[in-house]
Amino acid sequence: MTFQRITVDPEVCSGKPCIRGLRFPVSRLLGLLAAGETPESILKSYPYLEPEDIQEALSYAALLADEQVIEFA
């Protein structure tokens with residue numbers, strides 16, 4: 001799966017995945033959603049974000065959650 005709206009650049013936010021090269025980490029967006037913010041309220045608070053950014057962040061999170069986790073004893 002490729003992501004068009006999630007970028008990783010060592011020069012932006014220390015290389016954390018961000019929305020479209022903006023200094024807006026995917027983790028912040030997911031944290032807002034997890035805290036109960038609605039997509040509409042997020043878009044109102046951050047007018048430079050687009051609905052597709054939120055959808056792609058959720059798809060990215062789903063992909064990460066599906067990865068195999070190996071626990072070390």
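A charge sits over a ring if NZ of Lys or CZ of Arg is within 6 Å of the ring centre and within 35 degrees of the ring normal. Keep that handy for the first exercise; the model here is a predicted one.

**Exercise 1.** Find which ring the charged end of Arg28 sits over.

*Solution.* Start at Arg28 and look for the ring centre 4.8 Å from its charged end. That ring belongs to Phe24.

**Exercise 2.** Work out what kind of pair Phe24 and Tyr48 make.

*Solution.* Begin with the total: the count of aromatic pairs is 4. For Phe24 and Tyr48, the ring centres are 6.1 Å apart and the planes meet at 75 degrees. Rings pair if their centres lie within 6.5 Å, and planes over 60 degrees apart count as edge-to-face, so this pair is edge-to-face. Now see where the partners sit: Phe24 is in the loop between strand 2 (18–19) and helix 1 (26–34), while Tyr48 is in the loop between helix 2 (39–45) and helix 3 (51–65).

**Exercise 3.** Decide whether Phe24 and Tyr48 are buried or partly exposed.

*Solution.* Buried means under 20% relative accessible area. Phe24 has 0%, so Phe24 is buried. Tyr48 comes in at 42%, so Tyr48 is partly exposed.

Notes
Residues are numbered from 1 along each chain as its sequence is written. This is a predicted model: local features need pLDDT of at least 70, side-chain atom pairs count only at pLDDT 80 or more; totals for chains, interfaces and linings use all residues. Side-chain values use heavy atoms; hydrogens and water are left out. Rings of Phe, Tyr and Trp (its six-membered ring) pair if their centres lie within 6.5 Å; planes under 30 degrees apart count as stacked, over 60 as edge-to-face and the rest as tilted. Helices (H or I, at least four residues) and strands (E, at least two) are DSSP runs, numbered from the N terminus. Buried means under 20% relative accessible area, exposed over 50%, partly exposed in between (1.4 Å probe, protein chains only).
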